[in-house]
Amino acid sequence: MAAAARYASRARPLSRPNPGVAALLVREGRVIARGLTQPGGRPHAEAVALEEAMARGGARGAVLYVTLEPCAHTSPRGPACADLVSKSGLSRVVIGVSDPDPRTVGKGAERIAQAGIAVTTLDSEDVRASLAGYLARARLGRPHVTLKLATSLDGCIALADGTSRWITGEAARAHVHSRRALADAILVGGGTWRADRPRLDVRLDGLEDRSPDRVLLTRGVAPDGVRVINRPEQIAALDTVQHLYVEGGAVAAASFLQRDLVDELHLYRAPIVIGDGQRSLSGLGLNRLKDAHGRWRACEMRRLGSDVFERYERVRDLPR
């Protein structure tokens with residue numbers, strides 16, 4: 001299932017408006033077919049994997065590992081995956097997480113079980129991470145938000161005069177572009193837009209088509225091709241956006257943190273000290289130091305050239 005969760009990342013963000021789901025068909029310890037949610041959301045991953053298996057002699061007796069519960073509702077865009085799976089002759093289906101969609105939750109697994117196929121639902125943490133945007137939409141009513149900060153060792157994002165190219169090195173910047181390629185939309189504040197006119201695209205060979213939508217947090221007029229929101233809470237109205245990547249600047253970043261809208265923090269730190277420079281964040285309104293503790297969990301650290309990347313997740317107590 002961990003392999004399926006990693007594979008699912010390849011579907012993002014082209015699977016919009018559907019979540020990026022992966023399916024692996026395994027027989028005698030070998031993957032015989034695999035599928036991803038296709039661009040535009042159809043066909044679903046299970047349908048792709050089963051079709052590939054049929055071309056190779058069928059799926060009878062195999063085990064299906066699928067990151068999200070197969071859908072149980074019919075659609076003008078395609079059949080219910082639970083019905084396709086039920087007719088496939090599989091011996092077992094392993095589901096990463098239940099689908100919170102009320103049209104499917106529990107019904108997909110039940111329909112497959114009624115066809116005489118053993119069904120196991122794992123509630124996998126790896127899968128939850130791969131479907132974070134879809135699950136955030138279902139449980140929080142908004143996209144999953146990743147805030148990216150690139151700073152000096154002393155927490156600056158630019159010199160006092162605003163010069164910021166480049167705080168981090170080439171390897172770190174390439175890593176940022178790989179994270180952009182997984183997002184549905186990327187957001188900056190009005191100050192950053194006016195000062196830098198950032199392109200906010202993906203500049204990695206072969207991934208140019210995965211450049212996210214551009215969103216601007218401002219009270220001004222929307223530039224051509226850019227969506228505008230006036231307040232961070234309005235991210236809930238960004239239709240089809242499940243994964244939002246926020247790149248700042250300091251005021252925009254702080255406004256998302258103040259409203260507890262950040263689910264994941266990506267921190268890139270360069271081995272430089274700036275001193276009297278522009279800070280990475282404006283005030284957060286904290287009055288007690290203890291309120292800052294226990295909110296973030298360290299999940300990953302790696303070197304990117306001379307820089308260090310750290311990933312933190314917001315600690316939340318949410319229903320499954």
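How many nonpolar, polar and charged residues does the lining of the largest cavity have?

1. Basis. This is a predicted model, in which local features need pLDDT of at least 70 and side-chain atom pairs count only at pLDDT 80 or more, while totals for chains, interfaces and linings use all residues. Residues are numbered from 1 along each chain as its sequence is written, and side-chain values use heavy atoms, with hydrogens and water left out.

2. Cavity. The search of the whole structure returns 1 cavity of 30 Å³ or more. A cavity is a set of points, on a 1 Å grid over the protein atoms alone, where a 1.4 Å probe fits but cannot get out; lining residues have an atom within 4 Å of a point. The largest cavity holds about 70 Å³ of space, a volume being the space filled by probe spheres set on the points.

3. Lining. In answer to the opening question, the lining comprises 4 nonpolar, 6 polar and 3 charged residues. Of the 13 lining residues, Arg-12, Pro-19, Gly-20, Gln-242 and His-243 lie nearest the centre of the largest cavity.

4. Asp-201, setting. Asp-201 is found in the loop between helix H8 (190-196) and strand S9 (213-217); helices (H or I, at least four residues) and strands (E, at least two) are DSSP runs, numbered from the N terminus. Its relative accessible area is 16%, so Asp-201 is buried (under 20% relative accessible area, 1.4 Å probe, protein chains only).

5. Asp-201, partners. The side chain of Asp-201 makes polar contacts with the side chains of Arg-199 at 3.1 Å and Arg-203 at 2.4 Å. A polar contact is a pair of N or O atoms within 3.5 Å, one able to donate a hydrogen and the other to accept it.

Note on methods. 1 Å grid on protein atoms, 1.4 Å probe; cavity = no way out; pocket = protein on both sides within 12 Å on 5 of 7 lines; lining within 4 Å. Nonpolar A, V, L, I, M, F, W, Y, C, P; charged D, E, K, R; others polar. Buried < 20%, exposed > 50% of the residue type's maximum accessible area, 1.4 Å probe, protein only.
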